[in-house]
Amino acid sequence: MDKHAQTGWFNKLVTRRSVLATSTVGLAVPAAMTLGAAAPSNTANAQQGVVKKVTIYAEDLPNSALGYGLEPGKATIPGPLLEIYEGDTLEITLVNRTNRRLSIHPHGVDYSTDSDGAPLNNSFNNPGETRVYTWRSREMSAAGGGSRRFLPGSAGYWHYHDHAAGTDHGTLGIAKGLYGGLIVRRRGDILPDKQFVAVFNEMSINNLIAPNTPIFEANLGQRVEFVAIGHGNQFHTFHLHAHRWADNRTGYLESPTDPTPSVDNKDLNPGSSFGFQVIAGEGVGPGAWMYHCHVQDHSERGMSGIFLVRNADGSMPPGAQEAIDRFKGHVHSAAATAEPVPLQAPATGFAPKPAEGHEHH
Amino acid sequence: MDKHAQTGWFNKLVTRRSVLATSTVGLAVPAAMTLGAAAPSNTANAQQGVVKKVTIYAEDLPNSALGYGLEPGKATIPGPLLEIYEGDTLEITLVNRTNRRLSIHPHGVDYSTDSDGAPLNNSFNNPGETRVYTWRSREMSAAGGGSRRFLPGSAGYWHYHDHAAGTDHGTLGIAKGLYGGLIVRRRGDILPDKQFVAVFNEMSINNLIAPNTPIFEANLGQRVEFVAIGHGNQFHTFHLHAHRWADNRTGYLESPTDPTPSVDNKDLNPGSSFGFQVIAGEGVGPGAWMYHCHVQDHSERGMSGIFLVRNADGSMPPGAQEAIDRFKGHVHSAAATAEPVPLQAPATGFAPKPAEGHEHH
Amino acid sequence: MDKHAQTGWFNKLVTRRSVLATSTVGLAVPAAMTLGAAAPSNTANAQQGVVKKVTIYAEDLPNSALGYGLEPGKATIPGPLLEIYEGDTLEITLVNRTNRRLSIHPHGVDYSTDSDGAPLNNSFNNPGETRVYTWRSREMSAAGGGSRRFLPGSAGYWHYHDHAAGTDHGTLGIAKGLYGGLIVRRRGDILPDKQFVAVFNEMSINNLIAPNTPIFEANLGQRVEFVAIGHGNQFHTFHLHAHRWADNRTGYLESPTDPTPSVDNKDLNPGSSFGFQVIAGEGVGPGAWMYHCHVQDHSERGMSGIFLVRNADGSMPPGAQEAIDRFKGHVHSAAATAEPVPLQAPATGFAPKPAEGHEHH
């Protein structure tokens, strides 16, 4: 990927409200932008990165849910998918428009104690308060110690969430919907055509249960990126029908001798996240493909959804609408188990915006 | 592995009822088959793949269990271990000899919506119905996107299971025993001397609880392949005494700098599977070695069994029979926990055929 | 790392009671010691290793807890962190100073049935009994089978635990504190400045609950090694704030193309263990950083602690003492869940010695 293509992609990003909202982004380093450069060994560029400024609004949603959004009145569950390159800094102005204490705590990136988002470090927004959180990222670097190994950089499929609502652990904020995806890319990583975020939160997917769970849509052959995040008190496994990926950083094999196993079912437990890319329908064709928690009782209770692979021209493939209709009429078993009851019933009264996917136009 | 050796091994397969039953295999693969595209290195054989046809019978078993088998009246739990090479196609004629709706759904391979095995796609066998499911596989291929990465092929330790009995998620069918192992090998992979399949299904191993769980037998020095599969509603960890493996696709390190960690205890949650090979008794000698779920309450309740490593000549090593006798007299604690009760009591009244292992003669 | 440096480090080990106690170690191979030699490809030295003899005392602790220690009356929870190089042998004389049957069972290393530590193999200490357990280790070796792959060596972040107290599975012994860490290093691995062991045992960390959980202390820039171990009946995820690691054998990337993902949250289920090294405070600065189980209800109930990164000179950074004070006053929610109750309340009446960390002086 050359510098030009990279920059071109970034410019498109500016029009993607799902990644970093245009109106609220104050670009700090437009002229010197070198996003397409700098391999790990390229120390000349390694220190360079952009500072992206974004304002996030934490808000009340219907059914006593909470959400993060990039504009006032536009909060969603999950919150906006944030995306940077290794070396970049995200400066987040969090506006708390609720009457609760809350915060934003990231995984995978660097932050000082005052951006921890944890009450332990006195890092949170009081009701109505605005506060800036700074997340930094970095490229891999020599591990030292006489070895040739490397300290990993920040690249990864990460996430962010509240760490202060209700208790010092953010349990209430997370239960109510204060979470979202965070991608830190390494330069040279393949960019997707579409992106979907699935958060297995307690007994819900994005705080929704079937048949109201997201229908993720792509066209046959599109490169689709899934970001999967776990939250709550239950253990889960994320299963996708008819597609699989390498269980490593990117979902691709790095070389023919890469020992990474392939999976189509992966543990997705609280605080964990992973991501991968697949070519929609490759080798299997278009159709309505299930994704679901493979814990039987969880899928029975509504932790399932549809990955709709349309024909290459965007039209509906045969049988897909019937499958969706079948799914929408899905009746869940009232399984007689001793499973713990979620702390809070999943909210279902608001539009699952991000469920429709983020497109790289 | 050259083409001749490969073919030789396949021929042996035909005599292994545990893999693909002789009587029901009709070799299709004519001259012009070009299913596979390009193995990374072995281009000479890479273009070839076979179509293997197999008939599987889904049947009722004692104690209201269900099983898959390769011949009428011969169903087992788990069902037959199926095995192909990347590029091969499995054409499965599923004969439903029960009065329930059921299906067969694979992990890891390619299939069109009509072979999904999911009621969502109207893909199942009604009572008494026969239906063909086609599973395709492929080798790794270039990932595109300007990168040198690869989309992974189908190689892996996978599994198959019902997706239609009782509910749209196959919960009842899986609970009753409709599951089995599926191996897709990459050309050049090491072949084992013996194979064992252990399915941690709800609170059972292969729907059996100790002391009726499988005793997996091998001789000192034999190359043994384990396939471990998780099902049900519980989380589990698979632990094997005195043996360990690299936590990657094969269980071996690919090179001296392969960063894969070694494990002897691995998460085995619903819908997940993994496999590995070990040299029986290497470095530790023969004996009766435990394998068990390491969740304490689960091992207490009967999720443990024995990996019996005999002497190289097949005779019993000192102490092994005493250990087995001790195990057979094992009394389980009635642990006072709030653990959810399995949906269905494990069936124990039928012979655990596959537990005796599959030999590569 | 040259031989001299290596040997120097080993000599320091002799003064580290946390690894192998001086007074109880009978060095078996002083003259021929070759700890600094032998890479995997160095077959000349590959067969060489030292025999380390250590006496471990299993003892009663206050609040009906149990612990392992290197001297009589000095048992701790977790027990001593044991550490060897691939090729070494650990000969453990276990002195049972309790009136219970108990044993010591390792993960990751080689042992004959009589050192299994399992009642299945009649391998345990009766009350008051002394018994020798021998653990061997090895380097990687050719996998055979016509491949260029390798059987993994013993290197890893492992652990040991009772397998005989109460039941044949050691459930009672583990619940009461009979567990500890075991590191097998590959020659050339980077050595840490400090080491911490965190055992997520049932609903405790090292059988302690917050605010009595360990405060792990290091200075900014020190290379810190964490060993994380899971035990009991619950699933857990280990999360560390502001630090992350490669999810492989060492926690470092092996090369710029190493496909290993980075994590800061990892499943830590019963019987599993992992380890990694981080540079304390790198990229984030000093401070009181939380580590905790990310299962929300578990952190609420006390499965959290502090990784205190002091200034480089050992002084307290601004805000850290306040954070600790806040933590010590932490009140836990009485979450209304149906979560199973631990078999035994965590013991809190004894000093968590290893919590203070093991230093490589």
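Glu225(C) is buried, with a relative accessible area of 0%. Keep in mind that this is a predicted model.

Visitor: Which residue forms a salt bridge with Glu225(C)?
Guide: Glu225(C) sits in strand 15 (residues 223–231) of chain C, and its partner lies in strand 11 (residues 179–185) of that chain, so the pair ties together parts that are 40 residues apart in sequence. The closest N and O atoms are 2.8 Å apart, and the partner is Arg185(C).

Visitor: Is Arg185(C) buried or exposed?
Guide: Buried means under 20% relative accessible area. Arg185(C) has 2% relative accessibility, so Arg185(C) counts as buried.

Visitor: How many residues apart in sequence are the parts tied together by Glu83(A) and Arg185(A)?
Guide: The side chains of Glu83(A) and Arg185(A) meet in a salt bridge, at 2.9 Å from N to O. Glu83(A) belongs to strand 3 (residues 82–85) of chain A and Arg185(A) to strand 10 (residues 179–185), so the parts they tie together are apart by 102 residues.

Visitor: How many salt bridges are there over all chains?
Guide: Some are linked: Asp110(A), Arg138(A), Arg244(C) and Glu282(C) form a network of salt bridges. A search of the whole structure gives a total of 48.

How values were computed:
Residues are numbered from 1 along each chain as its sequence is written. Chains are lettered from A and ligands numbered from 1 in the order in which they are written. This is a predicted model: local features need pLDDT of at least 70, side-chain atom pairs count only at pLDDT 80 or more; totals for chains, interfaces and linings use all residues. Side-chain values use heavy atoms; hydrogens and water are left out. A salt bridge is a side-chain nitrogen of Lys or Arg within 4 Å of a carboxyl oxygen of Asp or Glu. Helices (H or I, at least four residues) and strands (E, at least two) are DSSP runs, numbered from the N terminus. Buried means under 20% relative accessible area, exposed over 50%, partly exposed in between (1.4 Å probe, protein chains only).
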